[in-house]
Amino acid sequence: MKSCPRPLDPIDAEAVSAGADPVFAADAATHARDCPSCQEMVQASERLTVALQGLLEADHAVPGLPERVLRLRAFSRRERRTYALWRAPILLDLSLGLAGAALLALPILTASDQVALSAAALAPLLALARALGAWAIESLRVAPAALEGLSSGLRGETVLGAAALALLVPAALGLRRVLSRASLRRR
């Protein structure tokens with residue numbers, strides 16, 4: 001079978017197989033009827049749809065599996081703080097840190113090797129610090145022009161400007177609430 005010079009997008013193939021309007025190519029149905037490789041794509045989409053429908057209608061192979069897999073609520077504050085939930089990531093992090101420290105402390109590494117490994121370990125941190133510094137400087141540089149553009153836009157649209165000013169009140173109240181809770185936590 002020859003490959004198609006203009007293959008259908010998978011979304012269009014699925015739409016054609018479902019009898020819906022294609023998203024990307026308006027003539028996808030006609031093209032799929034004339035092109036064998038695209039027609040095979042549409043038929044594969046139909047087979048997948050039938051298989052998925054069969055899975056939906058079938059009894060669960062493992063009783064209670066969806067209830068065990070799906071979590072319908074977020075973790076509570078107490079659950080987020082438990083060590084049992086974070087044990088594996090914490091232990092992995094500690095083991096990687098200790099392995100890195102042990103690698104640097106091995107007597108088989110010369111001092112120049114240890115310095116090179118330490119520099120390689122610090123390079124990403126230094127790059128991040130440099131990027132954050134550049135971001136802060138760039139933000140300060142464009143802040144006046146951004147504020148001027150925002151104020152001219154709000155002056156031109158009086159309704160939008162009034163809505164923005166009205167939204168400052170709940171934002172200020174929310175900020176005040178957050179700051180008061182933060183000060184209560186420190187006590």
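**Helix packing and cysteines in a predicted model**

User: At what angle do helix H7 (residues 111–156) and helix H8 (residues 158–186) pack?

Analyst: This is a predicted model, in which local features need pLDDT of at least 70, side-chain atom pairs count only at pLDDT 80 or more, and totals for chains, interfaces and linings use all residues. Residues are numbered from 1 along each chain as its sequence is written, and side-chain values use heavy atoms, with hydrogens and water left out. Helices are DSSP runs of H or I with at least four residues, strands are runs of E with at least two, and both are numbered from the N terminus. With axes (lines fitted to C-alpha atoms over the stretch in contact, angles running from 0 to 180 degrees between N-to-C directions) 5 Å apart, H7 and H8 pack at about 115°.

User: Which residues of H8 make the contact with H7?

Analyst: Contact means heavy atoms within 4.5 Å. H7 contributes Leu154, Arg155 and Gly156, and H8 contributes Thr158, Leu160, Gly161 and Ala164.

User: How many disulfides does the structure hold?

Analyst: A disulfide is a pair of cysteine sulfur atoms within 2.5 Å. For Cys4, the nearest cysteine sulfur, that of Cys35, is 3.5 Å away. The sulfur of Cys38 is 3.7 Å from its closest cysteine sulfur, in Cys4, and is therefore too far for a bond. The number of disulfides is zero.

User: Is Cys38 buried or exposed?

Analyst: Buried means under 20% relative accessible area, exposed over 50%, and partly exposed in between (1.4 Å probe, protein chains only). The relative accessibility of Cys38 is 1%, so Cys38 counts as buried.
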